[in-house]
Amino acid sequence: MIKVTVYNEFIHEREDENTRSVYPDGIHNAIKSAVESDEITVKTITLDDVKNGLDRQLLDDTDVFIWWGHMAHDLVPDEVAEAVHQAVLKGMGIIFLHSGHHSKPFKLLMGTPCNLTWREDGDRELVWVCNPAHPIAKGIGRFIKLDHEETYGEPFSIPEPDELVFIGSFEGGEVFRAGCCYRRGNGKVFYFQPGHETFPTFKNPEIITVIKNAVHWANPDYRVKELECPNVKKPLE
Ligand code: ZN
């Protein structure tokens, strides 16, 4: 079993009627029920659970973290972001969705501002597969069509991805690196752009396929309990 923890700040759904009508039980529960399978088990947490710190045991028990946040990135304590960052360096996988591009752990892992251009217009998006051989694109055709998404455009100030799996193109003409893979320490990081809170993106079966594929891809194949820098006093020969 791959153990997944979904973090969703869970504010839009409580404060905004449009979002609540799309995700009445919250984005975290929509992702949980869509992604859970014979091979994947999912726990969910919200901002309320991390406001005062994150249980180290939860990170140790998580193979792949999924992060959705937007309006409350600043309310995630620095210690929590750093603990998530360290867990990835030790080997935990992590998937950042949509506005998670500005979350504290993503910025720590990237080391760049992670800014982009955006417009909330409900544009049609085509999420193009750049690398059909990549395991995260398995089962997807040439592109995924989303009738409405928030428009994200370049420049996206991220480090050059190790692998680019998807590029989004929008009705308004913008293009955006929509699916980016990184390795950080022992851990694997996937950024995936679709998932604005007022559109039913996480109910799209192909989007769910991508997230499930990403969970399998990011599942750790090597993980350490502590990061060490040992002083080996005795030479080998
Ligand atoms: Zn958004």
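Guide: Buried means under 20% relative accessible area, exposed over 50%, and partly exposed in between (1.4 Å probe, protein chains only). This is a predicted model, where local features need pLDDT of at least 70, side-chain atom pairs count only at pLDDT 80 or more, and totals for chains, interfaces and linings use all residues. Residues are numbered from 1 along each chain as its sequence is written, and side-chain values use heavy atoms, with hydrogens and water left out.

Visitor: Are Glu150 and His196 buried or exposed?
Guide: Both residues coordinate the zinc ion, together with His98. Glu150 and His196 are both buried.

Visitor: What spacing do the donors of the zinc ion follow along the chain?
Guide: Donors are N, O and S atoms within 2.8 Å of the metal (3.2 Å for Na, K and Ca); water is not among the atoms, so sites may look incomplete. Here His98 (NE2), Glu150 (OE) and His196 (ND1) sit at 2.0 to 2.1 Å. Their spacing is H-x51-E-x45-H.

Visitor: How far apart in space are Tyr7 and Ile45, C-alpha to C-alpha?
Guide: Tyr7 is buried, with a relative accessible area of 1%. Ile45 is among the residues that Tyr7 touches (contact: heavy atoms within 4.5 Å). The two are 38 residues apart in sequence, but their C-alpha distance is 4.9 Å.

Visitor: In which order do the nine strands of the open sheet lie?
Guide: Strands (E, at least two residues) are DSSP runs, numbered from the N terminus. Two strands pair if DSSP finds at least two bridges between them. Pairing in this sheet is mixed, and the order is E2-E1-E3-E4-E9-E8-E7-E5-E6.

Terms used
Helix = DSSP H or I, 4+ residues; strand = E, 2+ residues; numbered from the N terminus. Lists of a residue's contacts leave out its neighbours within four places in sequence.
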